[in-house]
Each structure stands twice: as structure tokens, then as C-alpha cells.
Amino acid sequence: MAGMAYLTIRIKDEEGYQRVAIDKESVIIGRSSSCDVSVRHSSVSRQHCRLYRKDEAWWVEDLGSHNGTFVGKNRVGEPLRLAECDVIRIGAGRLTFHAGPLPAEAPPEPTLSVEAETAPTSFAAQCARCAQWVSVAHLAPGQSLPCPRCGAAIARPADELSRGSAP
């Protein structure tokens with residue numbers, strides 16, 4: 001279907017995320033299990049907002065929710081056209097909008113076995129675009145990986161070698 005889209009759903013201060021395909025022209029998002037997309041958190045209204053396709057674009061509208069619907073820092077008062085990677089905030093829910101089909105899940109990365117003495121120290125880097133903290137301990141200095149939230153490149157600093165334990 002040409003009008004497909006998907007959402008990456010996160011709950012503030014909770015681990016993990018969920019990806020949900022939007023395969024209808026209009027979907028209701030809310031806490032209720034009867035919604036097309038259910039975001040189970042007490043800060044989300046039963047029927048919080050609606051995403052719909054109109055004139056070859058995707059739009060979001062608030063459905064009179066208690067806590068409001070926001071795109072970025074802007075409260076949605078009337079229907080708002082969505083752009084790729086817009087973050088829709090509904091209560092504690094953070095829904096990142098993506099036009100196009102849901103990507104196939106990547107196979108898990110192979111794990112490396114290392115001796116305790118040579119294991120990298122714990123290290124995290126913050127995404128410059130969305131401020132998500134990501135572990136980069138498994139990367140070589142200067143190597144990067146995509147941010148799981150927004151896809152921006154996050155690199156392990158080259159000076160990480162000096163942070164490890166002494167040989």
C-alpha cells in the first residue's frame with residue numbers, strides 16, 4: 001500500500017520501544033485496548049489522538065485528550081501535517097513518525113567473547129539530535145552506530161582508549 005507508515009513508540013523513563021505499522025488511512029491512538037494503536041500508560045487518554053492520511057500526507061489531530069498532543073514542543077490545536085521523524089508526544093508516550101513500510105527487523109549482532117581483563121569499560125554517548133543515551137562500549141574508538149530513537153550517527157570518542165583500565 002502506497003500510504004503506509006509506522007510509529008516507533010517509547011514510554012518516557014522506560015526501557016525499550018515498539019514499532020507499529022500504520023496500514024489504514026486513519027488510526028486512533030490511545031490507552032484503550034479498542035484503539036488501533038494502544039499506548040498503555042495512565043498519562044495517555046483512552047482515545048488520545050488520530051493519525052490520518054489526506055492529500056498524500058499524514059496528519060495528526062488531538063481528540064480532546066486531557067494532557068494534550070504535541071509534535072515537538074508545539075501543542076496540536078488543529079490537525080497538523082507530519083514530517084518524517086516528527087516526535088508526537090501523548091502523555092509519557094513518545095511516538096516517532098516514519099513514512100513508508102515498517103522495516104524488517106535486523107538479525108541480532110553476533111556477540112564477542114572477551115576475557116574479563118580485556119573487556120571494555122562501560123561507556124555511553126548522548127545523541128546530538130535527540131539526546132538519547134546509548135552504550136558505545138562495544139564499539140572501537142571512532143566507530144559509530146545509528147541512534148535507536150532517531151537514526152543519527154553516534155560515535156565512540158577516539159580518546160576512549162585512555163579511559164580504560166591500565167594494561
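Trainee: Gly16, is that buried, exposed or partly exposed?

Mentor: Gly16 counts as partly exposed, because its relative accessibility is 48%. Exposed would take over 50%. Keep in mind that this is a predicted model.

Trainee: Where is Gly16 found?

Mentor: In the loop between E1 and E2. Those two strands form a hairpin, with 6 residues between them. Asp13 sits in the turn and has a positive phi of about 65°.

Trainee: In which sense do E1 and E2 pair?

Mentor: Antiparallel, over 5 bridges. Ala5 stands opposite Ile22 in E2.

Trainee: Back to Gly16. How many residues apart along the chain are Gly16 and Pro148, and what separates their C-alpha atoms?

Mentor: They are 132 residues apart along the chain. Their C-alpha atoms are separated by 9.7 Å.

Trainee: New topic. How many residues are in the largest nonpolar core?

Mentor: It has 23 residues. Ile29, Leu51 and Ile88 have the most contacts inside it.

Trainee: Which strands each supply at least two residues of this core?

Mentor: E1 (5-11), E2 (18-22), E3 (26-30), E5 (49-54), E6 (57-62), E10 (87-90) and E11 (93-99). The largest share, 4 residues, comes from E1.

Trainee: And what does Ile88 touch?

Mentor: Leaving aside residues up to four places away in sequence, its contacts include Leu51, Val60, Phe70, Leu82 and Phe97. Gly93 and Arg94 are also among them.

Trainee: What lies apart from that core?

Mentor: Another core, of 10 residues. Val134, Leu139, Leu145 and Cys147 are among them.

Trainee: Now the open sheet. What order do its strands have?

Mentor: E4-E3-E5-E6-E9, so 5 strands with mixed pairing.

Trainee: Why is one side of E4 and of E9 left without a neighbour in the sheet?

Mentor: Because E4 (37-38) and E9 (80-81) stand at the edges, each with a single partner strand. E3 and E4 run parallel, joined by 2 bridges. Gly30 stands opposite Ser38 in E4.

Trainee: How do the lining residues divide into nonpolar, polar and charged?

Mentor: 6 are nonpolar, 4 polar and 9 charged.

Conventions:
Residues numbered from 1 in each chain as written. Predicted model: local features only at pLDDT ≥ 70, side-chain atom pairs only at ≥ 80, totals over all residues. Heavy atoms only, no water. Core = buried A, V, L, I, M, F, W, Y, C linked by side-chain atoms within 4.5 Å. Buried < 20%, exposed > 50% of the residue type's maximum accessible area, 1.4 Å probe, protein only. Contact = heavy atoms within 4.5 Å. Pairing = 2+ DSSP bridges. Nonpolar A, V, L, I, M, F, W, Y, C, P; charged D, E, K, R; others polar.
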